[in-house]
Amino acid sequence: MTDAPSEMPTFPMARAAQCPFDPAPELSRRMEEAPVSRVRLWDGTTPWMVTRYEDVRAVLADPRVSVDVAQPGFPHTNAVSKARDAQMKTLMQMDAPEHITQRRLMTADFMIKKMEALRPRIQHLVDGLIDEMLAGPNPVDLVEAIALPVPSLAICELLGVPYTGRAFFQRVAGALVMDQHDPAQAMAASEELSDYLDDLVDKKNAEPGDDVLSRLAVEQYRTGAMTRREISTMGQLLLVAGHDTTANMIALGTAALLANPEQLNAVRDGGPALVANAVEELLRYLSITHTEARRVAREDLEVGGRLIRKGDGIVVVKSTANRDPSVFADPDVLEVHREARHHVAFGYGAHQCLGQALARVELQVVYGTLYRRIPTLALAVPLEQLTFKHHAVFYGVRELPVTW
Ligand code: HEM
């Protein structure tokens with residue numbers, strides 16, 4: 001068992017340079033040798049780390065675990081998340097029954113049917129961005145050209161953030177999830193975004209449109225059910241959660257496919273069902289949420305044969321769970337035909353990703369269009385020269401220079 005403090009590496013650990021799509025080697029070793037064991041965090045605390053698929057799902061579905069960041073044992077996986085947790089309470093930091101009430105306010109807006117209705121709009125957006133890319137310089141950075149604008153424009157449209165606010169929004173949302181571990185800078189960005197959204201809630205209240213913030217302004221703020229700040233906090237969660245996640249999946253997923261040309265060919269030549277399958281496989285294979293799900297035990301519980309005491313912190317590792325060989329055969333192989341939809345890349349249980357239907361539509365449209373429209377797409381630099389975001393909240397590539 002790897003519980004002695006001297007043997008404990010600090011979480012999160014960097015992925016290996018030679019296989020940048022795989023989980024950190026130390027995490028994979030833990031899954032094999034000590035699947036439920038202690039890990040050290042940046043602040044010296046040593047919560048439990050849970051790495052196997054069944055244990056991960058069991059913890060995430062267990063009502064005896066909490067997301068209450070105010071509990072002394074709650075694991076703060078970096079300084080920025082600790083500062084944000086102290087300052088702002090979103091859905092992600094609420095337990096039932098408060099969580100159920102707040103989440104219900106949003107579920108209708110993110111239903112599959114609603115997101116499917118957005119598909120033509122997202123297709124139009126992606127087609128336009130590819131037109132611009134083809135008309136511009138070659139090579140180009142795919143992160144700037146496609147990966148960032150698609151989710152940013154989609155979530156801004158859904159929420160009702162006006163076009164003029166989008167450049168500002170991209171800048172502050174980026175500052176919130178960057179990997180420089182600077183809480184002061186992240187807090188300043190968060191405050192700027194809150195002020196902007198407070199103002200927007202007032203504008204939506206005065207002149208409602210057909211968007212999520214207008215609906216919340218009219219139904220919740222105008223009636224006194226929610227304060228302006230509560231609505232803008234919800235808006236901030238959606239903007240941040242819906243932006244960098246999907247952006248990293250677009251760029252990193254493309255890098256992974258370019259590194260596996262047979263898989264890329266299958267996606268390019270396959271129909272919509274295969275593209276949808278490839279999205280699930282890439283979500284499984286890449287598991288981009290790096291700070292992982294964080295919980296604290298409300299009662300004593302047994303996980304994978306180990307006793308976790310009331311008050312202990314738990315870090316739930318989805319990147320290893322998604323590579324668990326007892327669930328996914330040859331887990332380290334990217335195989336776009338595999339049945340992978342039961343992955344935990346969107347989490348599991350009560351806090352499972354609210355925006356997953358939107359993310360799926362965006363990824364399906366991008367993967368289903370980009371390689372078909374640009375069949376000669378290739379990396380403009382060797383894979384080894386890409387810079388990977390080892391210490392960011394979401395894993396990804398900083399730039400993806402491509403040519404065609
Ligand atoms: C590929 C893209 C995405 C990935 C990999 C992803 C991943 C996740 C994960 C793992 C969680 C659970 C966290 C936990 O259990 O503590 C989560 C929660 C959440 N996600 Fe996503 N997400 C993505 C896209 C989106 C989008 C597009 C939106 C919204 C527009 C969104 C909104 C949310 C929200 C609001 C929560 C909190 C749900 C709750 O606590 O009840 N996500 N996401």
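**Figure 1. Composition of the ligand shell in the predicted model.** The shell around the ligand is made up of 17 nonpolar, 8 polar and 3 charged residues. The model is predicted. Of the 28 residues around the ligand, those that come nearest are H99, R103, R295, H351 and C353.

**Figure 2. The iron atom of the ligand and its protein donor.** C353 is the only protein donor of the iron atom, with its SG at 2.3 Å. C353 belongs to the loop between α15 (318–321) and α16 (356–373). C353 is also listed with H99, R103, R295 and H351 as coming nearest to the ligand.

**Figure 3. Polar side chains at oxygen atoms of the ligand.** H99 places a polar side-chain atom 2.6 Å from an oxygen atom of the ligand. For H351, a polar side-chain atom lies 2.7 Å from a ligand oxygen atom. In the side chain of R295, an N or O atom is 2.8 Å from an oxygen atom of the ligand. Two or more residues of the shell come from each of the elements α4 (98–107), α11 (228–241), α12 (244–258), β7 (293–297) and α16.

Figure 4. Y53 and F328 are both buried. R284 has its charged end over the ring of F328, 5.2 Å from the ring centre.

Figure 5. F388 and Y395 form an aromatic pair with 6.0 Å between centres and 15° between the planes. The pair counts as stacked because its planes are under 30 degrees apart. Both residues, F388 and Y395, are buried. R15 lies over the face of Y395, 3.9 Å from the ring centre.

**Figure 6. The aromatic cluster that includes F388 and Y395.** F21, Y285, F388 and Y395 make up one aromatic cluster.

Technical notes
Residues are numbered from 1 along each chain as its sequence is written. This is a predicted model: local features need pLDDT of at least 70, side-chain atom pairs count only at pLDDT 80 or more; totals for chains, interfaces and linings use all residues. Side-chain values use heavy atoms; hydrogens and water are left out. Donors are N, O and S atoms within 2.8 Å of the metal (3.2 Å for Na, K and Ca); water is not among the atoms, so sites may look incomplete. Helices (H or I, at least four residues) and strands (E, at least two) are DSSP runs, numbered from the N terminus. A residue is near a molecule or strand if one of its heavy atoms lies within 4 Å of it. A polar contact is a pair of N or O atoms within 3.5 Å; within protein, one must be able to donate a hydrogen and the other to accept it, and residues adjacent in sequence count only if both atoms are side-chain atoms. Ala, Val, Leu, Ile, Met, Phe, Trp, Tyr, Cys and Pro count as nonpolar, Asp, Glu, Lys and Arg as charged, and the others, Gly among them, as polar. Buried means under 20% relative accessible area, exposed over 50%, partly exposed in between (1.4 Å probe, protein chains only). Rings of Phe, Tyr and Trp (its six-membered ring) pair if their centres lie within 6.5 Å; planes under 30 degrees apart count as stacked, over 60 as edge-to-face and the rest as tilted. A charge sits over a ring if NZ of Lys or CZ of Arg is within 6 Å of the ring centre and within 35 degrees of the ring normal.
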